[in-house]
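Please look over the sequence and the structure shown here before reading on.

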Amino acid sequence: MRPLGIASYEDKIVQLAVKKILEAIYEPRFLNCMYGFRPNKGGHDAIKEVHHRIQNDWINYVVDADIKGFFDHMSHKWLMEFLKLYIKDTNRLWLINKYLKAGVITEGVYEDSEEGSAQGDIISPMLANIYMHNVLTLWYKFVVLKETSGKSFLAVYADDFIAGFQYKADAERYYAMLKERLWKFNLELEESKSRLIEFGRFAESNYKCRRNGKPETFDYLGFTFYCGKGRKSGNFCVKLKTSRKKHMQKLTAMKEWLYENNDLPVFEA
């Protein structure tokens with residue numbers, strides 16, 4: 001369960017107008033590796049990209065990272081600095097800052113908003129994309145790639161992202177730098193959910209040589225990626241299945257619905 005910020009009807013209209021303006025400014029500047037809350041892009045596009053890059057680009061190591069409370073900990077100061085790069089209208093900047101500082105009322109008690117952006121606001125996904133664009137994707141393009149000797153990729157959906165590397169040294173360097181980079185902008189990795197794993201066409205043979213069992217898997221946007229083999233060729237193949245967590249959530253929801261509605265009359269077709 002996550003707390004949601006429910007704006008008034010008038011605020012929703014204004015936020016929608018601001019979102020359209022921000023979209024016109026930033027859509028041409030967002031990198032193609034960003035898939036969340038963008039026109040003509042979505043979660044399935046991000047999944048296809050991860051699958052394609054691991055399958056075809058000799059990716060051998062994956063950084064599966066999770067940001068701890070991303071929407072709750074975005075720095076207002078840094079976000080306004082990012083916005084000032086392309087927006088010079090002080091009134092518009094004041095309006096966005098006002099929404100960030102608006103605060104929330106929980107069970108009749110008002111709470112200040114010193115950081116983060118309320119989930120549920122129309123403007124929040126766009127602000128999240130702007131934050132990730134400056135903190136993660138531009139850094140990857142202009143800093144990480146210059147220090148990477150092998151092939152690599154980055155796929156971002158809002159605050160969920162996956163990075164893949166051909167060489168272990170590049171993956172380890174990125175993972176170490178990532179912690180420092182996020183810390184600089186008031187963000188933190190969820191250590192229990194973040195890891196560097198060996199994954200790719202050589203993972204299974206390497207695990208067998210070390211007698212460590214099967215290669216590790218990773219979850220991304222509701223799917224579990226695992227190493228498999230093609231039915232006809234027998235060659236390496238990246239395979240997907242619904243993640244166990246999402247699968248169990250749907251089963252539980254269905255059982256609850258059936259229990260609550262088991263006395264409904266049966267209608268004849």
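**Briefing on the chain**

Met254, Trp257, Leu258 and Leu264 make a nonpolar surface patch of about 450 Å², a patch being made of residues with over 30% relative accessible area and no salt bridge, in which like charges are joined within 9 Å and nonpolar side chains (Val, Leu, Ile, Met, Phe, Trp, Tyr) within 5 Å. The model is a predicted one, in which local features need pLDDT of at least 70 and side-chain atom pairs count only at pLDDT 80 or more, while totals for chains, interfaces and linings use all residues. Residues are numbered from 1 along each chain as its sequence is written, and side-chain values use heavy atoms, with hydrogens and water left out.

**The chain as a whole**

- The chain holds nine helices and nine strands, where helices (H or I, at least four residues) and strands (E, at least two) are DSSP runs that are numbered from the N terminus.
- The C-alpha trace of the chain spans about 65 × 60 × 30 Å along its principal axes.
- Of the 269 residues in the chain, 41% are buried, a word that stands for under 20% relative accessible area, with exposed meaning over 50% and partly exposed the range in between (1.4 Å probe, protein chains only).
- Among contacts (heavy atoms within 4.5 Å) between residues at least 6 apart in sequence, 65% join residues at least 24 apart.
- The accessible surface of the chain comes to about 16400 Å², and 53% of that surface belongs to carbon and sulfur atoms; accessible areas come from the Shrake-Rupley method with a 1.4 Å probe, and for residues only the protein chains shown count as cover.

**Charges and surface patches**

- The chain has 41 positive and 35 negative charges, and their mean positions are 9 Å apart; Lys and Arg count as positive and Asp and Glu as negative, while His and the chain ends are not counted.
- The place of each charge is taken as NZ of Lys, CZ of Arg, CG of Asp or CD of Glu.
- A patch of negative charge on the surface gathers Asp72, Glu111, Asp112, Glu114 and Glu115.
- Of these residues, Glu111 lies in strand E3 (residues 109–111) and counts as partly exposed, at 40% relative accessibility.

**Salt bridges**

- Side chains of opposite charge can pair when their charged atoms come close.
- The count comes to 10 salt bridges, each being a side-chain nitrogen of Lys or Arg within 4 Å of a carboxyl oxygen of Asp or Glu.
- Asp64 forms one of them with Arg195, and the closest N and O atoms of this pair are 3.7 Å apart.
- The pair of Asp64, in strand E1 (residues 61–66), and Arg195, in strand E6 (residues 195–198), links distant parts of the chain, 131 residues apart.
- Asp64 is buried, with a relative accessible area of 10%, whereas Arg195 is partly exposed, with a relative accessible area of 28%.
- Glu81 forms a salt bridge with Lys84, the closest N and O atoms being 3.9 Å apart; because Glu81 and Lys84 are three residues apart in helix H4 (residues 76–84), about one helical turn separates them.
- Both ends of that pair are partly exposed, Glu81 with a relative accessible area of 39% and Lys84 at 40% relative accessibility.
- Asp89 forms a salt bridge with Arg92, with the closest N and O atoms 3.8 Å apart.

**Single residues to look at**

- Gln15, found in helix H1 (residues 9–26), counts as buried at 2% relative accessibility.
- Leaving aside residues up to four places away in sequence, Gln15 touches Ala7, Tyr99, Asp121, Ile122 and Ile123.
- Asn40 lies in the loop between H1 and helix H2 (43–56), and its phi is near 60°, a positive value in a residue other than glycine.
- Asn40 is exposed, with a relative accessible area of 81%.
- Leu221, in the loop between strand E7 (218–220) and strand E8 (223–229), has a phi near 55°, a positive value in a residue other than glycine.
- Leu221 counts as partly exposed, at 25% relative accessibility.
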